Amino acid sequence: MKKLQGEISEGKQKQAVCRTVHQYNREPVPAEDMSKLLAIAQDYRKVKNYVYARYGGVGSLSKLYPGYTVQNEMTGSGLRVELGLPSVYFYRAVFDALGDIKSQWVRTRTKVGQLLGRNENFTAQEKHYLRFLLKSTNAFEAVLNQKPVLLPQEMQKKFEELSGQVDTLKLHRYLCRQVRKYHVRTPSTDRADGFYLTERAYRYDVEKQKDSGGSIAAKYGIFIATKEKRKRIFIPLTDENKYDRQIYLKLYPEENNVVISIPLEIKIRRHGDYTNEVGLSVGMWCMFTTHEGHTYGEELGELHQEWAEYMRASTETYRREKANNAGRRKYMAHKARLDARMETYVNQEINRMIAAEKPQTLYFPKLPGRGAGGYDKKINYSVGVWRKGLIRERLKQKCLEHSIAFVEVFGKAISTECSNCGAMGKYSKNEFFCDNCGYRADKKRNAARNALNRGRSMRDR
């Protein structure tokens, strides 16, 4: 009961949730344009590695917050001029690397704090003093660099009070030893397959182009700044959405494709009329069945079968023709279209289900792991590639956006247990029947009723 209430109340306190959406190129990126993007990615990597090497150690701790000292020093280093990298990429790479370094220091301080909590050789006052140092960035940096601890007036007063109760020399040595032992400097990266873009580095617009017949066609896409002054490359996109925030461009040069990742903050909606408790069962052919027998996503099976058949056939073809240098461009393009259709349909049916059922709480069975029994390889392949993870994650995301409590219940034997009396029953094709009490129902509806029963049982404990 406590766990469930905690999850629900935590969700209600949030004002917004984050999700990432993606955009895709409508047609292959020309090799010349891809080489320009790869050049930016290579220089972006070089800048990050330079920052890792120069500012990853203890001596640079004081420069990390808020980071403008590093920015000024990087400007004076001459690296941007040497690389010929536009400032919109150069400084974004600097702060990207600084973020990695800061995250590494957070992990180190967390690790030392955990060890400190388990150390029985320290008194309560000594632990309190060390935790004070770990929480105060300025004090932490001063101790590691063997400098006097100088803090704002109120914090300085607290520091002097705590330090007067302990052997500071002993504790400072302990802290330095633990940091040397557990801190890992952010390693250099060899990856140069993507980079962040701030708003100044791109714009969405329409480009007019002449087709082979001489007529003018308008294409919507994104213009991306390059290392050439006042020159941008244009990438037509599969949608006409427009964003105004930092985005990430992932490059796939072998397929001449790109994927743009856009983080969005979705405001949480609260509905006064969403008061129902709903038990769900999930399937490959019909996506959802509720405990009342309502169904959603009846076409999922056909979409999934088309997706699985294409994946299976394409994999076999590629393995057979691999020696002949079989390309993957057409395969990736067709797979992306099938993925988009599947994801759109899943989102659409989840939205329809939520609007119709008006749930306050959804009880969802934990889905089975990868793999299936039996002897039919074709069926096993379909079950193995079933997009159950997509369904679960999208449903969970939608529940967050609508302030709905998403509760996973124990899934074992949920289809064979009788939801009426609790005995083990049987099912034939789509019908469940119980020899103990005579209950008969649709197999999926019985499973959804069990999800509701198990969820209520968890709530009432």
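The secondary structure of the protein comes to 14 helices and 15 strands, where helices (H or I, at least four residues) and strands (E, at least two) are DSSP runs numbered from the N terminus. This is a predicted model, in which local features need pLDDT of at least 70 and side-chain atom pairs count only at pLDDT 80 or more, while totals for chains, interfaces and linings use all residues. Residues are numbered from 1 along each chain as its sequence is written, and side-chain values use heavy atoms, with hydrogens and water left out.

Of the 461 residues of the protein, 43% count as buried, that is, under 20% relative accessible area with a 1.4 Å probe and protein chains only, against over 50% for exposed and partly exposed in between. The accessible surface comes to about 25,900 Å², with 48% of this belonging to carbon and sulfur atoms; the areas come from the Shrake-Rupley method with a 1.4 Å probe. Among contacts (heavy atoms within 4.5 Å) between residues at least 6 apart in sequence, 68% join residues at least 24 apart.

Two packed helices are described by the angle between their axes and the distance between the axes. Here the axes are lines fitted to C-alpha atoms over the stretch in contact, and angles run from 0 to 180 degrees between N-to-C directions.

| Helix pair | Angle | Axis distance |
|---|---|---|
| α6 (residues 124–135) and α8 (residues 153–163) | about 150° | 10 Å |
| α2 (residues 31–55) and α3 (residues 68–77) | about 115° | 12 Å |

Helices α6 and α8 pack at an angle of about 150°, which makes α6 roughly antiparallel to α8, a term for angles over 145 degrees. The crossing of α6 with α8 is left-handed, meaning that the near helix is turned anticlockwise from the far one by less than a right angle, whereas clockwise is right-handed. From α6, His-128, Tyr-129, Phe-132 and Leu-133 meet Met-155, Lys-158, Phe-159, Leu-162 and Ser-163 of α8. These residues divide into six nonpolar, two polar and one charged, where Ala, Val, Leu, Ile, Met, Phe, Trp, Tyr, Cys and Pro count as nonpolar, Asp, Glu, Lys and Arg as charged, and the others, Gly among them, as polar.

Helix α2 crosses α3 in a right-handed sense. In this pair, Val-47, Tyr-50, Val-51, Arg-54 and Tyr-55 of α2 meet Val-70, Glu-73, Met-74 and Ser-77 of α3, and the contact has six nonpolar, one polar and two charged residues.

Gln-104 lies in helix α5 (residues 87–118), and Gln-104 counts as buried because its relative accessibility is 14%. Leaving aside neighbours within four places in sequence, Gln-104 is in contact with His-183, Val-184 and Thr-186.

Key
Parallel < 35°, antiparallel > 145°, perpendicular 65-115°, else oblique.
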